Amino acid sequence: MTGHPERALPFVLDQPRAHWHDESLWFVRQKRDRQASALPEWEELRNAAHAIKSHTMSRLADYLALFESNAVANGIQVHWARDANEHNEIVYGILAERGVTRLVKSKSMLTEECHLNPYLEARGVEVTDTDLGERIVQLRKEPPSHIVLPAIHLKRQDIGALFHDQLGTEAGAADPAYLTEAARGHLRDKLLNAGAGLTGVNFAVAETGGVVVCTNEGNADMGASLPPIHIACMGLEKIVPRLADLAVFVRLLARSATGQPVTAYTSHFNGPRAGGEMHVVIVDNGRSKILAEETFRRSLNCIRCGACLNTCPVYRRSGGYSYGYTIPGPIGSVLAPHRDPAAHASLPFASSLCGSCSDVCPVKVDLHHQLLAFRERLVKEGKTSSAKSLAMSVMSTVFQRPWMYGAGGWLMRRVVPLMPRFVLYGPWNPWGLQRELPPMPSESFRDLLEKEETR
Amino acid sequence: MTQIGLFIPCYVDQLYPRVGLATWRILRGLGLDVEYPKSQTCCGQPMANSGCGDAARPLAERFLDVFGKYKHVVTPSGSCASMVRNHYDQWLAGKPGFDHLKSNTFELCEYLVDIVGVTRADGDFPGRVGIHMSCHGLRELRMARSSERMDAPFDKVRGLLAQLRGIELVTLSRPDECCGFGGTFAVAEQAVSCMMGRDRIADHERAGAQVIAGFDMSCLMHLEGLIRREGKPLKVAHVAEMLEGARLS
């Protein structure tokens, strides 16, 4: 089975593009640093966000029930979905009952996770993603490669060619303003003719029964306001207890995500507009299983800002698609193996455990420790290479016996220098494909120390 | 009670004996009571980071047996010190002596600064030097403030090296990005690992460094492997070797 290393290789081999991808995301990380450093209380905000989320998760059922009763009182119809399929059925049911055949969507990683678009398209619903980046990858029939910047893997020339092909822009045109204008015209038409609008949810406030959507393009607001039906889909971890809690999260979200002090639109949807309908679909899809696990439940605190992707030296150099899961990067590598441990067994190992993700995370998810914990679980479940486990237990056996360790080291330092280069650096030595082995000293530290002490 | 049990990581013992000796001489030079227990081998980090907890556990237990009797344990490696301090709990929590071991195991620089209270390093190291901030020392031992965090900046390694006569510490564009070693990651993900390493080297080169200094030979072994393959004039050096000739007070 191919894993992350095999999928990362072609990305790395295109060095100019890999460097460009690395630099683009590092630029976002630097923007984040500038915004975060402007707030003297940044670390206190992270602590507060961590505490609020952890508290919420410890009483999640209560807050979900409170949210539902307040939402219903506001005139919102609340639906519960156990898994992706139920979510898709509910959304399709709402559309089919009302004869809606055109749906506009703003950004929602949850619907990507549930594969809603192909589900609806197979049933005759035209689905248009209205976030520019999402629309670009939708036109290319690709999934997003990043949770906040869905088309970050594409250069403007790629988008110019795509728009020329699909939207009739001039051949060779790659001016961002020109391309954006073309997309606006195209999307406005879709927005005006839609029967329903679907949005994601950044935060659902238990005490008000309303949901909050943060965007930069205004597409969520148009999608929720032009058609008569608004469907908001949320994972059940999106709850915050109080309206006042948003003061913490909204300050952290945009700064961490894109290095903006705040998103252009922070829209509160507290009920249906006059004459319209509003639905909220609350989705579990494996989340309650994660909640039940002490080691991993903190990953549900994630607010999907994408900062851990931007800072991850591996993500920046291997691209979103190398992860083979809807959510890439460190947080995706923690979430994916919950869903299918065998298919995603390489992801917790696609990290040098540098810990930058844990330090950048605005809600202080201990990502690199969770990746490490998942490695052990995957080994225990037999989902990793048995040759590697065998090698590790042989090493352990040697290290438990100082004489064996000493003899092994002595032998290595004598044999390696005698080996011909083509043997030492054959394809069986992945270390040596691009690196020299360290020079072998004739004496170990303990040898030197003996001389030192008799000196 | 002997004051210091010197912990020389397995790969330093076998491959970088000079770094071990420099560490020994620094501690002895300060008049400290140091002992090197010969039954030590490996802390178990390679196994633990590969997810092989069952292979790591007996090595953690051995480590406690060998080092439990010392007042302090000192090692020229941030990563191995972090293994003891931050990752042994799962196997050793509640065992007699573990709480003491856990809170008294130190990387060399932090030991010099925090425990011995070294404020002066009187010595020479002429040349332009870039400091490689190895991740586990940085983000698990907090030997300096990481670039992600926004609290007050500090840096225990720079504080020592900056005092050497003739040294010019260069400024990197990415002050603490990972070099891509990552233990078995260096082999399992060699393509990404080597790209990370080359990018790190390029940052040091652009900043004009002649030497890449660090407190973890594992990262430096990876960087040096790339440097030597490409025949670059850059050198790597462990802080222990750089401070060995200095008078610390």
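Analyst: Two strands count as paired when DSSP finds at least two bridges between them. With that in hand, we can look at this predicted model.

User: Thanks! What makes strands β5 and β6 of chain A a pair?

Analyst: β5(A), residues 203-205, is joined to β6(A) by 3 bridges. The cut-off is at least two, so the two strands pair. They run antiparallel, and one bridge links A:F203 with A:V212 in β6(A). The hairpin they form has 4 residues between the strands, and A:G209 takes a positive phi near 70° there.

User: How many bridges does β6(A) share with β9(A), and in which sense do they pair?

Analyst: There are 5 bridges between β6(A) and β9(A), the strand of residues 265-269, and the sense is antiparallel.

User: Why is A:E113 called buried?

Analyst: A residue is buried when 20 or more other C-beta atoms lie within 10 Å of its own. A:E113 has 20 such neighbours, so it counts as buried. You will find A:E113 in helix α6 of chain A, residues 109-113. Beyond its neighbours within four places in sequence, A:E113 is in contact with A:A84, A:N285 and A:T326.

User: Where does A:E113 lie relative to A:V211?

Analyst: The two are 98 residues apart in sequence, and their C-alpha atoms are 20 Å apart in space.

User: Over in chain B, how do you know that the span of helix α2 agrees with its number of residues?

Analyst: The expected span is 1.5 Å times one less than the number of residues. For the 13 residues of α2(B), residues 17-29, that gives 18 Å; the end C-alpha atoms are 18 Å apart, so the two agree. Its buried residues include B:W24 and B:L27. After the helix comes B:G31, with a positive phi near 75°.

User: Which residues of α8(B) are buried, and what covers them?

Analyst: B:L108, B:C109, B:E110, B:Y111 and B:L112 are the buried ones. Their cover includes α2, β3 and α10 of chain B. Just after α8(B), B:G117 takes a positive phi of about 80°.

Key: Residues numbered from 1 in each chain as written. Chains lettered and ligands numbered in written order. Predicted model: local features only at pLDDT ≥ 70, side-chain atom pairs only at ≥ 80, totals over all residues. Buried ≥ 20, exposed ≤ 12 C-beta atoms within 10 Å, placed from the backbone. Contact = placed C-beta atoms within 7 Å.
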